[in-house]
Amino acid sequence: MIAQLRLLLLVAFRSLWAHRVKSGIVGSILFFGTLLLVAGTSLLDSVSASMERSITGSLTGQIQVYDKNARDDLALFGGMSMGSTDLGEMPEFAKVEKELTAIEGVKAVVPMGVVNAMVMSGNELDLMLDRLRTAHRSGDREGLAQTKAQILGVAANIKEELGYRQAITSDKAKAAEEAAALEDVLSEAFWARLDTDPDGLLAFLDTRLAPLATDGRMYYLRLAGTDLGQFMEVFDRARIVEGTAIPQGKRGVLISHRTYEKLLKNKVAREFDAIKKARDEEGRLIATDNLLADQVARNARQYQRLLFQLDPGPARELTTRLQRYLGSQEADLGKLLQSFLALDDQSFDERYDWFYKEIGPHIRLHDLTVGDVITLRGFTQSGYLKSVNVRVYGTYEFTGLEKADIGTAINLTDLVTFRELYGKMTDAQRAELADIRTSVGVKEVSRESAEDALFGGGAAEAPVTEAVATGFDEFAGVEIARYADGPVLDERTYNAEEMRSGLALNAAVVLDDPTTMPAVKTLIEGQADKLGIQAVDWVSAAGMLGQLMVVVRIVLYVAVSIIFLVALVIINNTMVMATMDRIGEIGTMRAIGAQRSFVMGMFLLETLALGIVAGGAGAAAGVGLIEYLNRVGLPATGADIMVLIFSGPRLYPTWGLSNVGLGLGIIVLVSLIATFYPALLAARVSPRVALSGKE
Amino acid sequence: MFRRSFMAGLALAFFLPSTALAAPASAEMVTMLKTIDDRTTNSGDYKSLVYIERKERDKSDLVYQAVVYRRDELDKLVIMFLKPQTEAGKGYLRVDNNLFVYDPTVGKWERRTERERIGGTDSQRSDFDQSNLAQEYVPTYVGEETLGKYAVHHLKLTATATADVAWPFVELWLDKATGNVLKRQDFSASSKLMRTTYYPEWQKLYSASKEADVYFAKEIRIYDEVEKGNQTTVVIQSVDLASLDDAIFTKAWLESKSR
């Protein structure tokens, strides 16, 4: 037996050497097949693992828990529902936290709740008038003078624009009224009223001048309220980009950095950034790319977004600096800005830097700026509108998700602010509403029956009745809360107990070892009924981002499978051809007494040897490639989706023994199968036929 | 020949809708609108205590009590919420075409459009304000109809190019006997029906300054036609036509109530 095996090995290796060209070709194919498999599966696993780390390390944790009676599914990164979602409530987070942290393997339980809030940026003049009103109220003469100068600057710009508008408007009377109002505001006599009739002056500015400015914008912010201290500690992917984290116990907002740069930024600056990205990252040129050239032209037409924001002093200085920079004698700042914004490939980089250095500091680069106190408004669960003043402490991003719109659509706030905006109705409030309702006694009339009920046969009285004139004191029995003077920043602090003892909508369960997720989830589910919660894994909790990850994974697997299948067909065909080519040789061997089993064994051994040697080399090369990529990183070039898939600007793939074992095993197995059938056919050929050379 | 024509004419007259024969002239329709505007406007001041209730499917009911101050001659309006306690002090100020909202909890004013839903209900500024239909809209006649047991004129109104109104198209059903609005439907620019409003009861109060009655709808039922099932009811609880302090129609006054 051993002798026969030895003989087989000898013959097999001698045969491989004798057919070394053919062996080389087949070996090369096996080499590249294994290389592809080892590197491909390693990359796939690395992409999956990095996406998982990005998502679980950002917001979801490995498991999320929320009310078991929730009407909607939890979708932290946004779901398919267009309206607000009903996730139910966990009224006492502390109770849930206590039970879940007792489970082995649970590292932390982070309370959360998502609400939608609106923020109005206000039109420029409305904002200035607010400042003017505050300065007047507090007797701040310097502030008054400064704001007055700003208002005059904007009024002068509007007057110029109104000239163009008057030429095309059909409502000449309204245009004349607007022009007269502007003339008034621009006169010294008007501002003298600041001392004699401040309320009248402010009302005039409010109602006659401010409507002439461009309307302010309304932003919708999706806010995740959480214990921010714990959040930043547990979710290692979250990092502050600008400003600071919200100090422990303070209330505030951290805006997603992408939202800050893509939504809240001055339009001209935003376009500058977009053109820079197109040139630097996508290799596009203004000279050759029509879309980019259009973008540049459009941006130049937006010059008023800079002009209207410049105070008179900086505007004068900028005029001088732009004249010098452009070598122009033009005195009109608007025209100078248009010339400056007429960018080409040669001037772009320099003007980009000049813009941020010379113009940026004098305009409001973002509608909501880090350090601002903003008013968040939202419709509470009770239906009433709730407003909260909070400070924007900074911007943040999740590393790996920073370029994905879907991954950056959420902003962070403290749990107390969340609870106020969520606004669950208390029993006392409910009772108060019932009292008001009872005192009026309105009967309910449905839409369907309204006409019959309101105008039908039952109504005997005439539709007009005489009212009785009775004076009334509208404030009798009414309590109006008193607030401090001016915009109120909610500086109340809160302690950890206050935060954790209240309501949360969902909670992230972060594990010591992510691989224990299925087991821990089962343990949590064991407590679900008692706690009134349900548990979902991170893929499900991530909503659309989780679904996107699943789709990306499927697409990558399908792509690698197709490439591999093509390689298999090639390997198979090559092996069949190589075997069939040797029928004459088989006949000779059979003629000199070789049994069929010997022939079969020889062929399979040859393939096995070739597979192990070439496949082993291929696997080593695959490992080498992955090691190399691990050191230099695979860049996520092109679309932003690549950054999401790679969970960052570069993917640093790793390999595992499973990738090598799988790659090598599959290649050797496929080669053996591809050899077996033609070898079987060849062994069945009779020596006479084989030697005749006809087959 | 004459006989055949006569019979045909008779048949035509019989089958033609009665509205075609009775359709009021354009000037008459403008007069109808002016009558509504004149009746609801006071030359002096106007103060009313109102109850607003909004029902929305699957949500808690919203309930407010508010005071409305009007100085129609100067196009000024203030709506201030008095109850519930969490809402007390919040309010709206309208001066000319400007509508501002104030929230004392954050000490901020914001500019709002005509489409603003007062306190998040289906009601709008125009539901509490004097009527200005004749100036803002151009009427056309749709027909004579019945609404419950009342005979009504059905008018279709199109906003004039310069009017700053919430709805570009409006349909009105006016009580033939009194000329009051009994039903109103508001349509968007794409002619989509947005809301239906009923005015089942009108009241009038003698104004010494006007030397005539001032009319107001005692009850207003507003049905949201987009979000079916949502409805808002406004009840005018009391009206007072005594003159008001000038200071009421300023931002400072509304602010002062909560400072």
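Helices (H or I, at least four residues) and strands (E, at least two) are DSSP runs, numbered from the N terminus. The expected span of a helix is 1.5 Å times one less than its number of residues.

This is a predicted model, in which local features need pLDDT of at least 70 and side-chain atom pairs count only at pLDDT 80 or more, while totals for chains, interfaces and linings use all residues. Residues are numbered from 1 along each chain as its sequence is written, chains are lettered from A and ligands numbered from 1 in the order in which they are written, and side-chain values use heavy atoms, with hydrogens and water left out.

**Exercise 1. A helix and its end**

Task: Compare the reach of helix 18 of chain A with the expected span, and describe the residue that follows the helix.

Solution. 
Step 1. Helix 18 of chain A covers residues 427–440, which is 14 residues.
Step 2. From the first C-alpha to the last, the helix reaches 20 Å, close to the 20 Å expected at 1.5 Å a residue.
Step 3. After helix 18 comes A:G441, with a positive phi near 65 degrees.

**Exercise 2. Chain B as a whole**

Task: Describe the secondary structure, extent and burial of chain B.

Solution. 
Step 1. Chain B contains six helices and 13 strands.
Step 2. Along the principal axes, its C-alpha atoms fill a box of roughly 85 × 45 × 35 Å.
Step 3. Chain B has 259 residues, and 60% of them count as buried. Buried means under 20% relative accessible area, exposed over 50%, and partly exposed in between (1.4 Å probe, protein chains only).
Step 4. Among the contacts in chain B with a separation of 6 or more, 48% are between residues 24 or more positions apart; a contact means heavy atoms within 4.5 Å.

**Exercise 3. Backbone features in the loops of chain B**

Task: Locate B:P84, B:S191 and B:E211, and state the backbone feature of each.

Solution. 
Step 1. Recall the general rule: most residues other than glycine have a negative phi, and most peptide bonds are trans.
Step 2. The bond between B:K83 and B:P84 is a cis peptide bond, with omega about 0 degrees. B:P84 is placed in the loop between strand 3 (76–83) and strand 4 (91–95) of chain B.
Step 3. B:S191, a residue other than glycine, has a positive phi near 65 degrees. Its loop runs between strand 10 (181–187) and strand 11 (193–207) of chain B. B:S191 counts as partly exposed because its relative accessibility is 46%.
Step 4. B:E211, also a residue other than glycine, has a positive phi near 60 degrees. B:E211 sits in the loop between strand 11 and strand 12 (212–224) of chain B. At 63% relative accessibility, B:E211 is therefore classed as exposed.

**Exercise 4. Salt bridges**

Solution. 
Step 1. Apply the rule: a salt bridge is a side-chain nitrogen of Lys or Arg within 4 Å of a carboxyl oxygen of Asp or Glu. The structure holds 61 salt bridges over all chains.
Step 2. B:E56 and B:K59 form one of them, at 3.7 Å from N to O. B:E56 is buried, at 18% relative accessible area, whereas B:K59 is partly exposed, at 45%.
Step 3. B:R125 and B:E114 form another, at 2.6 Å from N to O. B:R125 lies in helix 4 (residues 125–128) of chain B and B:E114 in the loop between strand 6 (108–112) and helix 4, so the pair ties together parts that are 11 residues apart in sequence. Both B:R125 and B:E114 are buried.
Step 4. In the salt bridge of B:R221 with B:E219, the closest N and O atoms are 2.7 Å apart. B:R221 is buried at 2% relative accessible area, and B:E219 is buried at 17%.
Step 5. A network of salt bridges links A:R437, A:E444, B:E53, B:K55 and B:D61.

**Exercise 5. Two domains of chain A**

Task: Describe the interface of domain 1 and domain 2 of chain A.

Solution. 
Step 1. The domain assignment, which is automatic or from a database, gives chain A domain 1 (2–55 + 547–692), domain 2 (69–120 + 218–251 + 373–426 + 489–531) and domain 3 (124–212).
Step 2. The centres of domain 1 and domain 2 of chain A, taken over C-alpha atoms, are separated by 50 Å.
Step 3. In contact across the interface are 10 residues of domain 1 and nine residues of domain 2 of chain A.

Methods: Buried area = accessible area lost by both parts, 1.4 Å probe.
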